[in-house]
Amino acid sequence: MVYWHEHTGNTLPTWMPTTYIMVLSDAQRELDGLRRLDPQVTSAVYDRYFPDVYRFVLYRLGDEALAEDIASDVFVRLLEAAQKRRGPKKNLKAWLLSTASHIVSDHLRRIYRRPTESLSENLTDDTVSPPDEFDRRGQYALTRQALAQLTPDQQAVLTLRFGQGYSLEETAVVMRKKVNAVKALQFRALAALRRTIGEVANE
Amino acid sequence: MSKNLYEALEICLQALGQGADIEACLADFPGLADELRPLLEAAMQARALAAPDIPADVMRRGRARLLQHAAQMREAANAPRRRTFSLQRATVALMLVVFFTLSGTGLVKASSTSIPGDNLYLVKRTWEDVRLWLAPEVERETLEHEYENERLEEVNELFEHGRAADVAFAGVVTEQNGDRWVVAGIPVVVTAQTELSDLVTVGMTVVVSGQTRSEGVVLAQQIALLPAGTALPPLESNEDGDPEPEKGESPGMTELPKAPESSSAIAETETPEPEDGSQPGSEERKFELEGRVEKIEGGVWTVDGTPIYFDQVSSIEQGISAGSFVKVEGTIAPDGSYHASKIESSKASDGGDADGGGTGMGNDDYGSDGSPTPTPDGNDGGDDDGVDDGDNH
């Protein structure tokens, strides 16, 4: 298989940074391997991206078993999409996180349609924890509950910035937005989070 | 103004990320402090939710599942070639049948005992293919099991004769000692030249292609994962009470797919209570479960509807595979998942009490009352989410 950069290696536009070319060819090699269902490539792609996807889902849901299942499902979808040539074109990580985000949003929508289930209820029966541990976990539950009520974009920007620790630029790439748009979005997301935490606490 | 605010927020977030405190950040923007403070507090709360590093066992399980799924997709991509039944192919197959039945039954019969390397071996394999093509869907699995077993018997026969021949067979990896593996009871040597599917561990289902050697091993050329849940025929273990006659004839293994009948007679002696329970609140509880292996998926086996992780088992008794009746012992992790430490084959009829179904469980409702855990915490979260297609922009 011949890769794009090998074809055009000598005639690349001078403005194009070499690192970008390498990333592009890596992604293409990965996608090509996934399409062939090559075990080595599949395994390498998994090792490279699974931790990010898992952490992303875990941050949003706070449930390890669920995060494991959903993150695994995202990779199965990647294989299937690659087979149908409907998968990512170049940015594998963005595709994976975006797919994870969709699945999580669907899941949360379903949960919040069921009014009986609430994160805080699950925590109130925790009698063994010492008081400050209880407070801390109660605060986590509040934050997570509030987070789940933000718009999908707001949830995503907070997860990427604070759950994954991505920089503004990385976040912009993954969300396919301009850096300035992400700045504005994170501002609104934090304001909404702050407000919603207050509302949830008063419920 | 708002642009300045966005900028100031970003600068403060970066500072917080490097360990600064909120007041120190705000000191640089006294005019915006009132607006920024609540946002930075929210950011601190958001940061506190960040998850720790991914546990190694989660990573390993996910990889195994994905690779088996990839194997399944590879298989599915190849399957239509064999399964689709065009008129043309049906005609060819029919002609072959007519040819074999009218003029060549002797040939087919003679070929049935042939082994790889014999002149008639090709006839035997072709005849198998024809039978598979013609078999109705319900019988195809039986035949496939039969032929899988036939492959194993052929390997053993080659060993007996000390003959070298190319072989391919499928089975569960039951032992891995460096480059010496055991797959479906057959010793396999893995070399640097072996094309190896990444990450094969004990408990996984694989197909081995290689060459038999006079010293009674198969030198593997390729070991590939088989699709998740591939049902392989249970092999007769040596200690089994009723050793089958070692004939290569097809009726030999037809009793194999008695799964439906035997699954109703699941011997299920559960000991849900913590056994080493000197202190009842101890984190690690033991379990014991008898039942039928329904599925092998990566390092996760489903025994009577209960997923059991095989990440602590170093070797598995030969002859155990999907469909086998087994007795599993192990521990229940704090998250409610089952981890096997020991597995051995058991007789379906041993636990005669199971058919009454007094406390027995339905095959599928893992996590409900019949599950072998004393306190089913329902860690089966993933199955219910029914995630549907996330289309991506």
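A nonpolar core is a set of buried Ala, Val, Leu, Ile, Met, Phe, Trp, Tyr and Cys residues joined through C-beta atoms within 7 Å. A residue is buried if 20 or more other C-beta atoms lie within 10 Å of its own, exposed if 12 or fewer, and partly exposed in between, with C-beta atoms placed from the backbone.

This is a predicted model, in which local features need pLDDT of at least 70, side-chain atom pairs count only at pLDDT 80 or more, and totals for chains, interfaces and linings use all residues. Residues are numbered from 1 along each chain as its sequence is written, and chains are lettered from A and ligands numbered from 1 in the order in which they are written.

**Stop 1: the core.** Select V53(A), V57(A), A100(A) and V206(B); of the 115 residues in the largest nonpolar core, these touch the most other members. The element that gives the most to this core is α3(A), with 11 residues. Leaving out residues up to four places away in sequence, V53(A) touches A71(A), V74(A), L96(A), L97(A) and A100(A). Two residues are in contact if their C-beta atoms, placed from the backbone, lie within 7 Å.

**Stop 2: chain A.** Colour chain A by secondary structure: there are 10 helices and zero strands. Helices (H or I, at least four residues) and strands (E, at least two) are DSSP runs, numbered from the N terminus. Of the 203 residues of chain A, 40% count as buried. Among contacts in chain A between residues at least 6 apart in sequence, 61% join residues at least 24 apart.

**Stop 3: where the chains meet.** Show both chains. The contact takes 49 residues from chain A and 39 residues from chain B. On the side of chain A that touches chain B, α4(A) gives the largest share, 13 residues. That side divides into 27 nonpolar, 12 polar and 10 charged residues. Here Ala, Val, Leu, Ile, Met, Phe, Trp, Tyr, Cys and Pro count as nonpolar, Asp, Glu, Lys and Arg as charged, and the others, Gly among them, as polar.

**Stop 4: a loop of chain B.** Select A51(B), in the loop between α3 and α4 (56-83) of chain B. A51(B) is partly exposed because 17 other C-beta atoms lie within 10 Å. Not counting residues up to four places away in sequence, A51(B) touches R55(A), L58(A), Y59(A) and G163(A).

**Stop 5: a helix of chain B.** Select α3(B). Its buried residues are L36(B), L39(B), L40(B), A42(B), A43(B), Q45(B) and A46(B).
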